[in-house]
Amino acid sequence: IGDQPKTHITNDDRERRARSIERLEDAKKSLERAIAAFNLGSDSRSGSPRISIVERQDGLLISLIEKAGSPMFTTGSAQVSGGLAQAIGAVARILGDIDNPIVVSGYTDSTPFRGDELGNWRLSALRALAAMENLISHGIPLRRIEKIEGHADRLSTDKKAPIDATN
């Protein structure tokens, strides 16, 4: 059948990968410091979500988590709240220092839209788009956005309370 192609990894490839990992680790440390400062101050900032960061195999997962009584969006809307805009700005300042691609995901709770079974799908996609536009308005170049995703209520953070706004 013939020889299988062999993958050849050069020293340059290894060095580029090592530099990329180092930049990502530095960015994670910077994000963690900025997030800690933001979260400490967010108690005094009405409507500011809590920010968390988790290292995954495919990169860093940065989550903006709604606090009870402080919605990130108007109910049934993709209008970004002032607190969410502040949080996105804080994240954008750190993300501006690294060149990794960005994926923006939007979610909703499971409260159905009257007469519109696609409502939560549409809304989650529009919220992801609004968050992406906010990142861009805070200086993130459009070329860095790899994709936006709308997940509706399919990936709830609290499966026991699917209509809770923190989802």
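1. Isoleucine 140 touches Ala92, Leu95, Gly96, Ile102, Leu135 and Ile145, leaving aside residues up to four places away in sequence; a contact here means heavy atoms within 4.5 Å. Isoleucine 140 sits in the loop between H3 and E4. Its relative accessible area is 2%, so isoleucine 140 is buried. Buried means under 20% relative accessible area, exposed means over 50%, and partly exposed lies in between, with a 1.4 Å probe and protein chains only. The C-alpha atoms of isoleucine 140 and arginine 93 are separated by 8.5 Å, although the two residues are 47 residues apart along the chain.

2. The model is predicted: local features need pLDDT of at least 70, side-chain atom pairs count only at pLDDT 80 or more, and totals for chains, interfaces and linings use all residues. Residues are numbered from 1 along each chain as its sequence is written, and side-chain values use heavy atoms, with hydrogens and water left out.

3. The protein chain has 3 helices and 4 strands. Helices (H or I, at least four residues) and strands (E, at least two) are DSSP runs, numbered from the N terminus. Along the sequence their order is α-β-β-α-β-α-β. Of the 167 residues of the protein chain, 35% count as buried. Among contacts between residues at least 6 apart in sequence, 60% join residues at least 24 apart.

4. How do H2 and H3 pack? Two packed helices are described by the angle between their axes and the distance between the axes. Helix H2 (residues 82-95) and helix H3 (residues 119-137) pack at an angle of about 55 degrees, and their axes are 9 Å apart. H2 is therefore oblique to H3. Angles under 35 degrees count as roughly parallel, over 145 as roughly antiparallel, 65 to 115 as roughly perpendicular, and the rest as oblique. Axes are lines fitted to C-alpha atoms, for helices over the stretch in contact, and angles run from 0 to 180 degrees between N-to-C directions.

5. Ala85, Ile88 and Ala92 of H2 make the contact with Ala131, Asn134 and Leu135 of H3. The residues of this contact divide into 5 nonpolar, 1 polar and no charged. Ala, Val, Leu, Ile, Met, Phe, Trp, Tyr, Cys and Pro count as nonpolar, Asp, Glu, Lys and Arg as charged, and the others, Gly among them, as polar.

6. H2 has 14 residues and reaches 20 Å from its first C-alpha to its last, close to the 20 Å expected at 1.5 Å a residue. The expected span of a helix is 1.5 Å times one less than its number of residues. H2 is mostly covered, with 10 of its 14 residues buried. Among them are Leu84, Ile88, Val91 and Leu95.

7. The 19 residues of H3 should span 27 Å at 1.5 Å a residue, and the end C-alpha atoms of H3 are 26 Å apart, which agrees. The buried residues of H3 include Leu123, Arg127, Met132 and Leu135. The buried residues of H3 pack against H2, strand E3 (102-106) and strand E4 (145-150). Glycine 139 follows H3 and has a positive phi, near 100 degrees.

8. Is arginine 122 buried or partly exposed? Arginine 122 is in helix H3, and it counts as partly exposed because its relative accessibility is 42%. Its C-alpha atom is separated by 7.4 Å from that of glycine 150, 28 residues apart along the chain. Leucine 126 is also in helix H3; at 41% relative accessibility, leucine 126 counts as partly exposed. The C-alpha atoms of leucine 126 and glutamate 149, 23 residues apart along the chain, are separated by 9.2 Å.
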